[in-house]
Amino acid sequence: MKKILFVASEAVPFIKTGGLADVVGSLPKYLDKRYFDARVILPKYMCMKEEIRNSLEYIGDFYIDYAGSSKYVGVLKKEVEGVTFYFIDNEEYFGGPKPYGDWLYDIEKFIFFSQAALCALPFVDFRPDLIHCHDWQTGLVPVYLKDRFAGGDFFRGIKSVFTIHNLKFQGTWDVKTIQYFSGLSDYYFTPDKLEAFKDANLLKGGLVYADAITTVSKTYANEIQNPFYGEGLDGLLRARQNDLRGIVNGIDYNEFDPETDKLIYKNYNSKNFRKEKIKNKRALQKELGLPVDDNKFMLAVISRLTDQKGFDLVEYMMDQICEENVQLVVLGTGDDRYENMFRHYAWKYPDRVSANIYYSEEMSHKIYAAADAFLMPSLFEPCGLSQLMSLRYGTLPIVRETGGLCDTVESYNEFESKGTGFSFANYNAHEMLDRINFAKHIYYDKKREWNKMIDRAMAVDFSWKQSALEYQALYDWLIG
């Protein structure tokens with residue numbers, strides 16, 4: 001039995017701000033229980049739902065020396081679907097209204113979390129063969145395994161994997177501050193280790209010291225070795241390319257299943273979607289106050305409204321996108337600039353645009369089930385989960401060919417009748433508009449082709465089963 005420990009800053013069903021939580025919450029339960037004992041360790045945030053906090057079982061507590069004083073570390077646990085989750089409790093660090101906030105404070109608290117998580121392992125009597133770290137918050141764990149924890153018998157020989165979910169966020173601050181909190185010697189703060197561009201960089205620590213590096217799609221693994229996507233670390237990633245692999249995220253096919261989903265108006269499957277899917281569209285049109293009309297082309301956007309997601313392209317083409325036979329349904333929050341842009345167009349075209357500037361899991365399911373197509377023109381996209389959900393619900397994605405979008409959406413080929421969506425290559429607003437118009441042309445003029453594409457989209461398998469097999473192969477290779 002191989003023992004795996006996931007160390008991360010968030011995981012469903014406990015706390016979620018993005019795709020990282022889906023991975024850490026889902027992957028452990030899909031690993032083969034006959035060969036792997038996978039457990040997870042997280043911070044115990046006070047902003048978790050109260051019923052979840054109250055359901056955690058207290059194991060014990062101890063103190064560690066941190067930043068010149070003695071700090072309390074409480075350890076709690078809870079089992080969910082056969083996976084044990086441990087929680088590190090310290091209200092001074094994890095007591096705020098949200099998991100992340102002020103950069104400097106975040107750096108201090110996640111360095112504390114990295115140390116406390118490792119110190120808790122002998123305490124709970126779990127010695128992993130491999131520790132799987134996620135994003136900059138846990139970047140120091142591989143460093144500590146090679147440094148202060150390398151001496152004792154307990155930690156000797158533990159391997160580490162580091163997964164990049166988004167290279168843009170790196171946990172950087174000046175060397176003096178990070179050296180003070182981390183307690184690492186000058187040896188570690190050189191350009192070939194934790195220093196990057198005169199600052200200390202926690203993510204870089206993970207990339208330099210982990211035994212293997214993964215990221216969340218094959219294309220993104222190649223892209224980040226180039227300056228445009230590499231965020232200043234492309235040289236290091238090229239140097240470690242033999243240890244770097246891309247494994248696409250999955251989605252939970254039990255939760256996202258149009259046949260059994262309790263959140264959507266009308267259940268359907270790949271056999272009866274031609275008759276049943278449209279009922280979701282009519283119900284959503286009614287709920288959002290749009291004209292109830294089967295012949296409208298419903299285009300959905302469910303996203304954080306930021307530059308990364310390609311909304312500058314959408315902004316540039318908004319009048320052309322919202323022509324009379326289109327209904328654009330938007331759900332999400334983000335930059336004021338884009339929130340207000342969608343509000344403005346909802347005011348300008350009340351019968352064509354529905355701007356829902358909030359986030360709701362229930363509404364997102366309704367939109368995935370109701371829409372005809374799903375727009376995701378990202379500038380960069382490590383993996384992306386929205387396009388996987390839209391494929392699952394037979395809502396055809398229109399995407400830019402980058403990162404995980406490139407790996408998961410096969411572009412429609414009208415001559416061979418292949419493909420599961422539409423894609424464009426260059427980050428260009430006119431190219432995006434051309435693909436939207438092409439999708440509308442197929443929808444209106446070649447309905448049989450459109451339905452065959454929905455058949456193929458609903459048949460592809462991006463469940464966790466496939467990704468879990470690739471992670472298992474990686475763990476076997478490292479542990480030996």
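These questions and answers concern a predicted model of a protein chain.

Me: Why is His134 called buried?
Reply: Buried means under 20% relative accessible area. His134 has 0% relative accessibility, so His134 counts as buried. The residue is found in strand β6, which spans residues 130-134.

Me: What touches His134, leaving aside residues up to four places away in sequence?
Reply: The contacts of His134 include Phe6, Val7, Ala8, Leu20, Val23 and Val24, as well as Thr163 and His165.

Me: Why does Lys366 count as buried?
Reply: The cut-off for buried is under 20% relative accessible area. Lys366 comes to 10%, and therefore counts as buried. Lys366 lies in helix α15, residues 361-370.

Me: Which residues does Lys366 touch, not counting those up to four places away in sequence?
Reply: Lys366 touches Leu263, Ile264, Tyr265, Leu284 and Glu287. Leu284 is 82 residues from Lys366 in sequence, yet the two C-alpha atoms are 7.1 Å apart in space.

Me: How do you know whether the radius of gyration of the protein chain agrees with that of a compact globule?
Reply: For 480 residues a compact globule would have a radius near 23 Å; the protein chain has 23 Å, so the value agrees. Of the 480 residues, 59% count as buried. Among contacts with a separation of 6 or more, 72% come from residues 24 or more positions apart.

Me: What is annotated at residues 292-445?
Reply: The unreviewed UniProt entry gives "domain: Glycosyl transferase family" for this span. In the model, residues 292-445 are 41% helix and 18% strand, with end C-alpha atoms 21 Å apart.

Key: Residues numbered from 1 in each chain as written. Predicted model: local features only at pLDDT ≥ 70, side-chain atom pairs only at ≥ 80, totals over all residues. Heavy atoms only, no water. UniProt positions renumbered as here; feature names shortened; annotations may be inferred. Helix = DSSP H or I, 4+ residues; strand = E, 2+ residues; numbered from the N terminus. Buried < 20%, exposed > 50% of the residue type's maximum accessible area, 1.4 Å probe, protein only. Contact = heavy atoms within 4.5 Å. Rg over C-alpha atoms; globule rule 2.2 N^0.38 Å.
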